[in-house]
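Subject: Structure handover

Hi,

Here is the structure we talked about. Please open it alongside this email. My notes follow below.

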Amino acid sequence: MSRPACLVTGSSSGIGAAIVRQFAAQGYDVVVHYNAGAERAAQIADTIRAEHGVEALVLGADLSQPEAAFDLVDRTLAHFGRLDVAVSNSGVANYVADEQGQLVRYRFSDTPVDHLAKEMDRVLSLNLMGAYRLAQRALKHMMDQAAQEAAPLHRSILLITSISDIAPESTRIPYGVSKAGLNHVVVGAAFDGGPHNITVNALRPGVVDTPLTSRPSGVEDPQSGREFTVAEIYGLMAAGGSQPIRRIGRPEDIAFAAYAFTQIPYMTGQLIAVDGGFTLPGNFPNRDVFFQEGLRQRQSS
Ligand SMILES: NC(=O)c1ccc[n+]([C@@H]2O[C@H](COP(=O)([O-])OP(=O)(O)OC[C@H]3O[C@@H](n4cnc5c(N)ncnc54)[C@H](OP(=O)(O)O)[C@@H]3O)[C@@H](O)[C@H]2O)c1
């Protein structure tokens with residue numbers, strides 16, 4: 001029997017690269033998918049072949065384009081003759097270039113009208129529609145495979161969404177909308193997949209140290225004068241108690257969970273945070289700040 005096959009979108013970088021390595025380490029043949037990072041994807045595939053002895057097929061696709069996700073799933077199946085796990089991981093933040101070419105995003109209430117549509121198009125076309133189409137095609141192919149088996153194998157679809165589906169932040173509402181939309185894809189598709197032994201779940205990472213979070217934060221380090229990255233800001237907040245596990249995530253944390261979630265035959269339609277406890281109910285990270293502010297207001301009233 002051939003090895004199981006796994007497609008991971010956006011596996012040329014960050015979380016996706018760690019996920020594809022994790023599946024290869026567990027004996028899966030894999031697709032390393034890229035958009036702009038052809039060279040990075042080729043290097044990751046070379047390392048996977050050398051370290052794990054499995055097949056690593058490198059495929060490029062801009063998944064914000066209407067037919068691209070369908071085509072990517074079809075090419076995976078045509079090559080391996082099977083598809084056991086599909087992980088939709090490609091995603092972007094809602095930064096859009098302004099007239100000066102600077103990547104910007106605004107507080108919701110301050111967003112210029114033309115920017116409003118552009119940033120929404122950017123995240124919806126990839127984060128939502130790309131993942132939506134990928135999940136639909138993967139599910140269809142998995143159901144066709146299951147129909148040919150007396151006792152269908154367990155197959156799995158995992159969408160990498162985000163805790164931003166619920167965690168509020170005025171400057172990233174479009175991103176949150178694109179991720180929250182996928183939650184409904186998961187709970188709906190679980191009903192189609194279940195009878196065929198196909199599980200469909202969402203993994204919702206908290207802040208993870210990747211190229212996505214290595215962008216400048218706009219906040220200066222008072223010690224060095226250097227601008228913090230987004231990952232550094234959240235790292236300091238975590239160390240200071242914003243979440244029970246006092247560090248931000250590593251790509252390998254998410255990869256470990258992604259592999260585990262796809263191996264559980266009796267779990268489907270779930271939207272699971274892997275976030276160090278950041279979104280725990282009752283986790284009031286700023287309670288000391290709020291307490292001090294409440295005291296200050298009482299004293300000045
Ligand atoms: N990092 C975090 O803190 C965090 C938190 C919650 C959720 N997430 C989610 O986790 C996923 C991975 O994020 P990451 O942090 O690993 O980011 P990353 O390092 O920037 O990787 C993003 C991946 O998406 C691919 N991609 C970008 N545009 C694409 C397009 N048009 N078509 C197809 N693929 C495209 C990139 O491919 P190329 O590089 O080849 O262009 C890359 O492989 C995203 O869905 C993100 O929303 C991340």
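Predicted model: local features only at pLDDT ≥ 70, side-chain atom pairs only at ≥ 80, totals over all residues.

Five bridges join strand E2 to strand E3 (residues 56–60), and the two strands run parallel.

Cys6 sits opposite Val30 of E2. Between E1 and E2 the chain passes through helix H1 (residues 14–25), and this β-α-β crossover is right-handed.

Now E2 itself, residues 29–34. Is it enclosed or open? Six of its six residues are buried, so the strand is largely enclosed by the rest of the structure. For this count, a residue is buried if 20 or more other C-beta atoms lie within 10 Å of its own. Asp29, Val31 and His33 point one way from E2. Val30, Val32 and Tyr34 point the other way. Both sets are buried.

Next, the ligand. There are 28 residues around the ligand. Which come nearest? They are Gly10, Gly14, Gly37, Gly91 and Thr210. H1 gives the largest share of this shell, with three residues. By class, the shell has twelve nonpolar, 15 polar and one charged residues.

Best wishes

Conventions:
Residues numbered from 1 in each chain as written. Buried ≥ 20, exposed ≤ 12 C-beta atoms within 10 Å, placed from the backbone. Helix = DSSP H or I, 4+ residues; strand = E, 2+ residues; numbered from the N terminus. Pairing = 2+ DSSP bridges. Right-handed = clockwise from strand over helix to strand, strands pointing away. Near = placed C-beta within 6 Å. Nonpolar A, V, L, I, M, F, W, Y, C, P; charged D, E, K, R; others polar.
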